[in-house]
Amino acid sequence: MQTSLLPARVILILILGAAFATAQPAVAAATYTFSPTGPLATARGGATATLLPNGDVLIAGGAPNAFGAVASAELYHFATGAFSATGSMAAARGSATATLLPDGNVLIAGGSPDGTNAVATAELYHPGLGTFTSAGPMATGRAAATATLLTNGDVLVAGGKDSMGFVATAEIYHTGTGVFTSTGSLATARATATASLLSTGKVLIAGGQGTTSYLNSAELFDPASGTFSATTGAMGTARRKATATVLNSGKVLIAGGKGTGGVYLVSAELYDPSAGTFAPTGNLMAARQFATATLLSSGTVLLAGGQGTGGAVIASAELYNPATATFAFTGSMATARQFATATLLRGGFVLVAAGTDGASPIPNALSDAELYMSDGIFANGFEFP
């Protein structure tokens, strides 16, 4: 554990825990809770969040209100629990993608400046300089697309939506040349889908919203051929704005979302790359779309917040246990939020930041942030998620 990256209060507790570990009685199993940190300098929903090599988190873009996005960005410093401004992007963008590249830079691609149109530009954030530089142009303007770092270090950007509708095209950002080139198109135009890099090097694109309906179809991108092909089986449930998490087993957990008829979903399913098929797994404790999902060091998956039944924004969180194929509630966030970011930090903490609330008719963007952690830290200094 690198204590230099921990807040001062946690460093002290770690030292005290080590000093008195032999003198204190055993501590009961830890529970997990959210504690406030931050806040951000700018309220933003639909921003991107990227863990940088130095342990800081880059939060970029997003929308402070329903009428437009911002170009600003900021850094979360875990050592102090504070956010600070960094260089701004050239373009305001919400619902963009962010990908950490092998060289430590971050590719921010596409997005929407106003919730309707989509930009066809991309930018690189350079952590050492704290600045953005152009990385475009893209072949197609797209927001709510997927972006996946391939095993060769290039980035697949697929699907999304532009001012004309849903997009089926896909393109590759070549890190060696800094150029985007078109690749094979999806069989189905889709936005708000999920994308998961499989152990085979292929990319699973699942669900989302298409031109006429929510989708239960899924496709595999093969980098070797640059083409998409349908998976052997479709998902059991059509779903948009679900979460997708690659488990330690290599299977992919697809959870929640919103389904046909506007139903908020509690169902979840597992994609098995070896069989190419989906199978149901345990149900969530609460229906949720626009939630976050984070694979913890324990192998469990933390799902937090989102929009639940009736459109209510929720603060609850739950853990999926792959060993038992079940979900169980864990500590709730202090703030109900959707369109938030979630980032696994060093030491096993999870930073859940920003998002929007459930105000009607126009949700408010949030500037607060929370850390998910074990209360065992404050008991013996050794327990982390």
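**Ring pairs and a loop residue**

Tyr76 and Phe83 are both buried, where buried means under 20% relative accessible area, exposed over 50% and partly exposed in between, with a 1.4 Å probe and protein chains only. A word on the source: this is a predicted model, where local features need pLDDT of at least 70, side-chain atom pairs count only at pLDDT 80 or more, and totals for chains, interfaces and linings use all residues. Residues are numbered from 1 along each chain as its sequence is written, and side-chain values use heavy atoms, with hydrogens and water left out.

Now the aromatics. Rings of Phe, Tyr and Trp (its six-membered ring) pair if their centres lie within 6.5 Å; planes under 30 degrees apart are stacked, over 60 edge-to-face, and the rest tilted. That rule gives ten aromatic pairs. One of them is Phe34 with Tyr372, tilted, at 4.9 Å centre to centre and 50° between the planes. Phe34 is in strand β1 (residues 32–37) and Tyr372 in strand β32 (residues 369–374), so this pair links parts of the chain 338 residues apart; strands are DSSP runs of E, at least two residues, numbered from the N terminus. Phe34 is buried at 10% relative accessibility, and Tyr372 is buried at 0%. Tyr76 and Phe83 have ring centres 4.8 Å apart and planes at 50°, so that pair is tilted. Ring pairs also join Tyr32, Phe34 and Tyr372 into a cluster.

Where is Leu215 placed? Leu215 is in the loop between β17 (203–206) and β18 (218–222). Leu215 is buried, at 10% relative accessible area. Beyond four places in sequence, its contacts (heavy atoms within 4.5 Å) include Thr188, Gly207 and Met235.

How values were computed:
Helices (H or I, at least four residues) and strands (E, at least two) are DSSP runs, numbered from the N terminus.
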